[in-house]
Amino acid sequence: MRKVAEKTKKIKVKILRSKPWEEKKPKYETFKVPIEGKMSILNVLNYIAENLDPTLGFYSSCRIGKCMGCQVVVNGKVRLACVTLVGGDIILEPLRKFKVIKDLVIERRGKE
Amino acid sequence: MSKMGKIADRVIETDVLIVGSEGAGSPASLEAIKRGVKVTMVTKGSHIGRSGATVTGDADLDVDSKSLHDRFGLAEADRRDSKDIFFEDMLKGGKYLNNQKLVEIHVEEAPDRLEDLLSWGVKIDGLIQASGHSYPRGVVIPGTKLMPHLRRVVLGTNVELVCYTMVTDLLTNKDRVVGAVGINGATGEFIVFKAKAVILCTGGAMRMYPYTTAPEELTGDGMVMAYRAGAELVDMEFPMFLPGAFPWPPAVAGVDIPFQLSTGGYIAGWMLNKYGDRFMRHWDPVRYEWSTRDILSVAMMTEILAGRGSPHGGVYVSLKHLPDDLIENLEKWVPPEFYMFYGGFKMKQYLPDLRRESIESVPASHFFNGGIRINERCETSLNGLFAAGETTGGVHGANRLSGNAFTEMVVWGHRSGRFAGEYAKGSGEVSIDMDQVEKLRKRIFDPLERKGGLSQANLRKKLQQVAWEKAGVIRDGESLEKALSEFLKMREEELPEVGVRAKERIFNREWIQVIELENMLSMMEMVCRTSLNRKESRGALYRRDYPDTDNINWLKNQIVIQKEGKMEIQNEPVVVTKIEPPKKILKYGRTE
């Protein structure tokens, strides 16, 4: 029989948070997120926003790897949050070289 | 300080305001600006091509095969086709509810719009013949390849682009639309747009259902803001579903299962319920899993609602009737892009060993056939308000043909820009009613300023669950009555109690989601009321209690309009120009 209730484990998600309008320095914040089934980084971000911190800023749209809007830096590498599965603990940062609007949200215009 | 200065953080004055920047909005902006007027285009997304349904389209764009052969030199195209045959196929697909005046223009102008795309550098990736089409008409142009061209062309013009901005409401003054208001997520500003003409290119409302192939922001915003402003909507009882998405795991919930493995592909798996019954035998004993999308979705949902589904709320799709070596040899002849990749997903990560295990599959909300009622010039029933693309109704009738969403967005996007541009050019100055702006601002800011309150995420999930079980793929009088009363209760009693926990105005997802939630609830009221009235099954509406298509009493369109704060529905006979619809009562899913 295929198991439906897969064992829940918790991972640590460290996110670089910014509020540029307050002119404070970005700082890392860590959340603990339960992983049930195969979850993407976008699932994790939605979990945090819904359950832990509604102020978390991130952008997503198509959530199937086409609009490229949810690109973030995951453990130092540029990845799409929606199609990248979560294994263990992760560090999330906004794309480099773009102006940050809030947390993981960047100003796309002018660069493409 | 003026009153405007106190209420609005920013005022943008323009001639033509376009809401939505994708497959309909971008062509609209290019046509409007040719008229020598100022054009402002607003998107909820981070940039052109970074949101909306266009970029998710896999996708083909329908043009009659004769034009493809003679005008575009596509060797695989079939000269026996004609615009008239394309017209007839659209009516058969739409179960004769299409507005034939619109369909005539649609088939006539499709080749010209393909020409536009090619002139912008878009390449044709191939030609396919999808079901419902008598000839190969599907010019393959994935949305991901289309939108970068449109972005580049639009950025090369003087079209003013405003990103990260949700337009929430239209502004009216006396008998016309004079602009809109919205929130800019990047700056937190409440913006007042003053415009001589407004075009809504805001897409569908698929997010009302828990499983959907559509992007996150498609919550019916345009349709509901038009409704609130007093515009007419049409064919709202026809949200359309696809028969095959993953219900689980979370990473791919709502994502299409490669149809080459599930329904209608090279290899169609057997769809089984929990008793192992290949239930399509009750619905289509000839074609089984190769049946049409509407019948497949209804059959699957029948099993799911009866409790005969799979653990995560779908049905089983099995290839186990095939020998192991056949399954192992699939990858030698089925191109891997057809079943091993979807969007950015590598399907190997999500598919089980197909020799041994099944895939769970669920119908998913895919398209919205109805919407804002337009005429041939994309004019709505309100002066100064135009609309184009999926947010409109009339072109597809009760069901859309595969590939016709892309044709709709470019043909009608183009027309809306042209006619709105001309309208704005001939229009005098407009003035804004500041009391109205003040009221709208209060409505938008109320949830942000409310202390505590209910969770928007929970209410959204509740809405989606009720929509799914009682007002989705399968409906009946009793389920619709219940759903309607639940939606009204949610909107009147629970929504006013929903609070936004985050108080910042800059990029506040929860705040936007609360505004979307109100739109979704109004959309569901329209879906329920129009479905309740229509005592038959047709196209994307299946009513268990009235399973036949009644061409004697129901060759009618339902028009939804708000009058004195109440939703009213009027019936009108379908618009016929060329083809008389059949006059018989038919079994659901059959055209003749």
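Author: A search of the whole structure, over all chains, finds 64 salt bridges. The model is predicted.

Reader: What makes the pair B:Glu429 and B:Lys196 a salt bridge?

Author: Set the value against the cut-off. The side chains meet at 3.6 Å, N to O. The rule asks for a Lys or Arg nitrogen within 4 Å of an Asp or Glu carboxyl oxygen, so the pair qualifies.

Reader: Why is this pair said to link distant parts of the chain?

Author: Look at the numbering. B:Glu429 and B:Lys196 are 233 residues apart. B:Glu429 sits in the loop between α10 and α11 (434–449) of chain B. B:Lys196 sits in the loop between β10 (190–194) and β11 (197–200) of chain B.

Reader: Now the two chains. How many residues of chain A and chain B are in contact?

Author: On chain A, 41 residues; on chain B, 55 residues. The area buried between the two chains is about 3900 Å². Carbon and sulfur atoms give 53% of that area. Three residues, A:Arg63, A:Lys66 and A:Arg109, supply 18% of what chain A buries against chain B, more than any other three residues.

Reader: How many salt bridges are counted between chain A and chain B?

Author: The count is 4.

Reader: What makes A:Glu50 and B:Lys461 a salt bridge?

Author: Their side chains meet at 2.8 Å, N to O. The limit is 4 Å, so the label holds.

Reader: How many residue pairs are in polar contact across the interface of chain A and chain B?

Author: The rule finds 25, with both residues at pLDDT 80 or more.

Reader: Which element of chain A gives the most to the side that touches chain B?

Author: Helix α1(A), with 5 residues. Elements α1 (41–52), β6 (100–102) and β7 (105–106) of chain A each supply at least two residues. By class, that side of chain A has 19 nonpolar, 10 polar and 12 charged residues.

Reader: Which residues make the contact of α5(B) with α10(B)?

Author: Among them are B:Leu102, B:Ile105 and B:Arg113 of α5(B), and B:Val410, B:Trp412 and B:Arg415 of α10(B). By class, the contact has 7 nonpolar, 4 polar and 5 charged residues.

Reader: Why do α7(B) and α14(B) count as roughly perpendicular?

Author: Helix α7 (residues 221–229) and helix α14 (residues 509–533) of chain B pack at about 75 degrees. That value falls within 65 to 115, so they are roughly perpendicular to each other. Their axes are 9 Å apart. The contact includes B:Met223 and B:Tyr227 of α7(B), and B:Met523 and B:Met526 of α14(B). By class, it has 5 nonpolar, 2 polar and 4 charged residues.

Reader: Where does B:Pro249 lie, and what kind of peptide bond joins B:Trp248 and B:Pro249?

Author: The bond is cis, with omega about -5 degrees. B:Pro249 lies in the loop between β13 (239–245) and β14 (270–272) of chain B.

Reader: What is phi of A:Glu23, positive or negative?

Author: Positive, near 55 degrees, in a residue other than glycine. A:Glu23 lies in the loop between β1 (9–17) and β2 (27–35) of chain A.

Key:
Residues numbered from 1 in each chain as written. Chains lettered and ligands numbered in written order. Predicted model: local features only at pLDDT ≥ 70, side-chain atom pairs only at ≥ 80, totals over all residues. Heavy atoms only, no water. Contact = heavy atoms within 4.5 Å. Buried area = accessible area lost by both parts, 1.4 Å probe. Polar contact = N/O pair within 3.5 Å; in protein donor to acceptor, adjacent residues only side chain to side chain. Helix = DSSP H or I, 4+ residues; strand = E, 2+ residues; numbered from the N terminus. Nonpolar A, V, L, I, M, F, W, Y, C, P; charged D, E, K, R; others polar. Axes fitted to C-alpha atoms, helices over the stretch in contact; angles between N-to-C directions. Parallel < 35°, antiparallel > 145°, perpendicular 65-115°, else oblique.
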